[in-house]
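Subject: Structure handover

Hello,

Here is the structure I promised to pass on. My notes on it follow below.

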Amino acid sequence: MDEQKKLHIVSTALEVFYKYGYKRVSMNDISQAAGISRAGLYLFFNSKEEIFNSAILYNGDSLIEEIQKGLPKSGTPKEKIFYAFEVWAINIFDQALHSPEIREITDSSYEFAREALDVSYRKFEQILASLIEEQFELYGKREGLNPQQLAYLLTSSLRGFKIVAKNSNELQQLIQQLVEVILEP
């Protein structure tokens with residue numbers, strides 16, 4: 001029961017963070033949204049940063065779950081990689097560009113939840129590495145970096161692409177171009 005309550009708090013907190021940003025949200029806001037007392041909230045979490053870290057992990061795990069559910073419906077390994085990026089970053093990119101609250105969450109995640117963000121990205125990298133390995137098995141392995149290194153290169157590049165891209169179409173193009181270069185035999 002405690003784990004369900006904690007999950008409810010985290011998912012509710014994520015919604016509150018998306019609505020108001022990180023800085024404007026207080027522990028009181030989260031407790032009210034979750035329908036528990038502030039004292040009850042402190043039984044589960046010591047600080048807003050701790051809840052935020054949990055919310056970042058929860059969000060990452062939700063995206064990973066969505067990717068895993070959709071992968072069997074995708075075609076080639078390359079198409080699966082593109083699908084994974086759509087779910088992970090592209091689908092929400094335009095909204096993030098135009099929402100100061102989501103932009104603040106993104107910025108705050110690097111400041112207050114770096115470890116949680118890195119854990120989520122490592123999980124995403126694992127999916128990409130397995131898809132790159134699948135690509136190599138079907139179409140031949142290329143010389144150079146191994147699938148894990150290539151997955152890290154893709155996710156690291158994504159972080160930079162999200163800074164320079166002007167919209168989701170440009171982000172998608174940048175990702176597709178990099179994937180083509182990486183998977184080129």
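Read along the sequence, the pattern is α-α-α-α-α-α-α-α-α. That comes to nine helices and zero strands. Helices (H or I, at least four residues) and strands (E, at least two) are DSSP runs, numbered from the N terminus.

Two notes on the source. This is a predicted model: local features need pLDDT of at least 70, side-chain atom pairs count only at pLDDT 80 or more, and totals for chains, interfaces and linings use all residues. Residues are numbered from 1 along each chain as its sequence is written, and side-chain values use heavy atoms, with hydrogens and water left out.

Overall figures

The C-alpha atoms fill a box of roughly 60 × 35 × 25 Å, taken along the principal axes. The chain has 185 residues, and 44% of them count as buried. Buried means under 20% relative accessible area, exposed over 50%, and partly exposed in between (1.4 Å probe, protein chains only).

The chain exposes about 10100 Å². Carbon and sulfur atoms supply 50% of that area. Areas come from the Shrake-Rupley method with a 1.4 Å probe; for residues, only the protein chains shown count as cover.

Now contacts, meaning heavy atoms within 4.5 Å. Take those in the chain with a separation of 6 or more: residues 24 or more positions apart account for 70% of them.

There are 20 positive and 26 negative charges, and their mean positions are 3 Å apart. Lys and Arg count as positive, Asp and Glu as negative; His and the chain ends are not counted. Each charge is placed at NZ of Lys, CZ of Arg, CG of Asp or CD of Glu.

The core

The largest nonpolar core has 56 residues. Such a core is a set of buried Ala, Val, Leu, Ile, Met, Phe, Trp, Tyr and Cys residues joined through side-chain atoms within 4.5 Å. Phe 17, Phe 85, Trp 88 and Leu 171 have the most contacts inside it. Elements giving two or more residues to this core include helix H1 (2–20), helix H4 (48–70), helix H5 (77–98) and helix H9 (168–183). H7 gives the most, with ten residues. In soluble globular proteins, nonpolar side chains tend to be buried together.

Aromatic pairs

The structure holds seven aromatic pairs. Rings of Phe, Tyr and Trp (its six-membered ring) pair if their centres lie within 6.5 Å; planes under 30 degrees apart count as stacked, over 60 as edge-to-face and the rest as tilted.

Phe 17 and Tyr 22 are stacked, because their ring centres are 5.8 Å apart and their planes are at 25°. Phe 17 is buried at 0% relative accessible area. Tyr 22 is buried too, at 4%.

Trp 88 and Tyr 121 make an edge-to-face pair, 5.4 Å centre to centre with 80° between the planes. Trp 88 lies in helix H5 and Tyr 121 in helix H7, so this pair ties together parts that are 33 residues apart in sequence. Trp 88 is buried at 8% relative accessibility, and Tyr 121 at 3%. Beyond four places in sequence, the contacts of Trp 88 include Gly 60, Leu 63, Ser 120, Phe 124 and Leu 158.

One aromatic cluster is formed by Phe 17, Tyr 22, Phe 52 and Phe 112.

Single residues to look at

Phe 161 sits in helix H8 and is buried at 17%. Neighbours within four places aside, Phe 161 contacts Leu 171, Leu 174, Ile 175 and Leu 178.

Ser 109 belongs to helix H6 (residues 100–112). Ser 109 is buried at 5% relative accessibility. Leaving out residues up to four places away, Ser 109 touches Phe 52, Ile 56, Arg 114 and Leu 117.

Gln 135 is in helix H7 (residues 114–139) and is buried at 7%. Beyond four places in sequence, Gln 135 contacts Pro 77, Lys 78, Gly 140 and Leu 183.

His 98 is in helix H5. His 98 is exposed, at 65% relative accessible area. The C-alpha atoms of His 98 and Pro 72 are separated by 32 Å, and the two residues are 26 apart along the chain.

Best wishes
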